[in-house]
Amino acid sequence: MIRANTIMTENVVTVNEAASLKEAANLMLNKHVSTLMVAKDSKPIAILTENDIVRGFISKKAGKVKDVMSKNFLTINPETAYIFIIKKLKEEKIRLFPVIQNNKLVGIITETDIVDATRDFTRFHQIMQEAILAAFGLVTAFFLFFFSPLGQSLRNSLA
Amino acid sequence: MARISTIMNANPLTVKKDTTIFEAAKLMANKPHGCVIVIENKKPVGIITDSDLVKNLAYKKINPESKVAQIMSSPATSIMHNSKLENANKIIDTKGFRKYPVVDKEGNLVGLVNENDVVQAINDNIRFHRNLQNTVLILFVVFEFFVFILYRYLINYFPFLR
C-alpha cells in the first residue's frame with residue numbers, strides 16, 4: 001500500500017499572509033514552485049497558486065497575499081493511501097494536498113508528484129505484467145513437457 | 001484503444017494574437033485550465049500558462065496592455081486528436097511540457113490535454129489489461145491442470161483421445 005509520505009515533497013515553500021503578491025511571485029520563481037503554502041506559526045492556513053496571483057493582478061486593489069489566497073483546501077496525513085488521493089483528483093479535481101501531522105505541515109503533494117508517482121507505478125505494472133506472463137509460460141511449458149510422451153519416457157528411464 | 005480525443009478537455013480557453021495580456025489574464029482567472037491558447041485562423045500558434053503570466057507580470061514588469069504575442073511560448077507543440085495515448089506520452093516525455101493543444105487533421109484546435117490526464121489514463125489502461133491477462137492465464141492453467149491430470153480418466157470415456 002503506497003502512502004502519502006512516500007510521494008510527497010518535503011520542502012514546502014511557505015509565505016506570510018501579510019506579504020505582497022510581488023514577493024510571493026518572486027518566491028515562486030526563485031524556488032521553482034507553482035504553489036505556496038500560507039502558514040502562521042508553521043500551521044497552514046491557506047494555499048496560494050499561480051492562478052490566485054493572476055487573479056490578484058487583474059483586480060487592481062488586491063496587493064497582499066491574504067486578499068487572494070484560498071482557505072478552502074483538503075489536508076491529508078502522511079498515512080493517507082495513494083488511491084484516496086487519486087480518487088479525489090479524478091472525482092473532485094483537487095490538485096493540491098498539504099500533508100499535516102500533529103497540526104504541523106510536513107509536506108505537500110502537487111500534481112507533479114502525482115504524475116511522477118503514477119509514471120513509476122505504470123512502469124512497475126508493466127514489469128509485473130511481463131514477469132507474470134513469463135512465470136505462467138514456464139509453468140505451461142513444464143506441464144506440456146512433463147505429460148508428453150517424451151517426458152513420460154524420461155520419467156520411466158529415471159525411475 | 002484509447003485515443004487522445006476521449007480524455008481531452010474539449011473547451012480550451014482561446015485568445016487572438018492581438019489580445020492584451022490583461023484580457024488573457026482576466027480569462028484565465030478562476031478557471032481550472034491553467035493556460036490559454038493563442039489561435040490564428042483556428043490554428044494554435046502559441047500558449048500562455050499561469051506561470052508565464054506570473055513571471056512576466058511580477059518579475060519582468062511587462063506592461064499588461066501589451067499583446068499576448070510578446071510573452072507566448074511559440075510554437076506550441078500540438079498533439080493529434082486521434083493519436084494513441086502511448087504516442088502522446090512519448091511526445092510529453094521528450095518535450096516535458098504540461099499542457100498541449102489538441103488539433104485535428106487540418107491543424108485546427110479542438111481541445112486541450114494535460115500531462116496528468118494522459119498519465120492517469122495510461123495507468124488505468126495498464127491496470128485493466130493486467131487484470132484481464134491474469135484472469136485469462138489463471139483460467140488457462142486451471143484448464144491445463146484438468147486436462148493433464150484427468151487425461152487417464154477421460155480416455156476411458158472418450159475413445160478418440162487415445
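**Notebook: chains A and B**

I began with a pair in the sheet: B:Tyr100 stands opposite B:Val113 in β6(B). Strands here are DSSP runs of E with at least two residues, helices are runs of H or I with at least four, and both are numbered from the N terminus. I count two strands as paired if DSSP finds at least two bridges between them.

Before going on, I noted that this is a predicted model, where local features need pLDDT of at least 70, side-chain atom pairs count only at pLDDT 80 or more, and totals for chains, interfaces and linings use all residues. Residues are numbered from 1 along each chain as its sequence is written, while chains are lettered from A and ligands numbered from 1 in the order in which they are written.

**Around β5 of chain B**

I followed β5(B) to both partners. Five bridges join β5(B) to β6(B), residues 109-114, and this pair runs antiparallel. On the other pairing, two bridges link β5(B) to β4(B), residues 79-80, and these strands run parallel. There, B:Met80 stands opposite B:Val103.

Is β5(B) mostly covered or mostly uncovered? Mostly covered: four of the five residues in 99-103 are buried. Buried means 20 or more other C-beta atoms within 10 Å of the residue's own, exposed means 12 or fewer, and partly exposed lies in between, with C-beta atoms placed from the backbone.

**Chain B as a whole**

I counted six helices and six strands in chain B. From the N terminus, their order is α-β-α-β-β-α-β-α-β-β-α-α.

I looked up the overall dimensions next. The C-alpha atoms of chain B fill a box of roughly 90 × 30 × 25 Å along the principal axes. The radius of gyration of chain B is 26 Å, but a compact globule of 162 residues would have one near 15 Å. That radius is taken over C-alpha atoms, and the globule rule is 2.2 Å times the number of residues to the power 0.38. Of the 162 residues of chain B, 30% count as buried.

**Where the chains touch**

I call two residues in contact if their C-beta atoms, placed from the backbone, lie within 7 Å. By that rule, 31 residues of chain B are in contact with 31 residues of chain A. On chain B, α2 (21-28), α3 (50-59) and α5 (115-149) each supply at least two residues of the touching side. Which helix gives the most? It is α5(B), with 15 residues.

**Two residues of chain A**

I moved to A:Ser34, in the loop between α2 (21-31) and β2 (35-40) of chain A. A:Ser34 counts as buried because it has 20 C-beta neighbours inside 10 Å. Beyond four places in sequence, the contacts of A:Ser34 are A:Met28, A:Thr49, A:Glu50, A:Thr110 and, across in chain B, B:Ser51.

Then I took A:Ile109. In the largest nonpolar core, of 60 residues, A:Ile109 and B:Ile48 touch the most other members. Such a core is a set of buried Ala, Val, Leu, Ile, Met, Phe, Trp, Tyr and Cys residues joined through C-beta atoms within 7 Å. Among the contacts of A:Ile109 beyond four places in sequence are A:Ala4, A:Phe97 and A:Val99.
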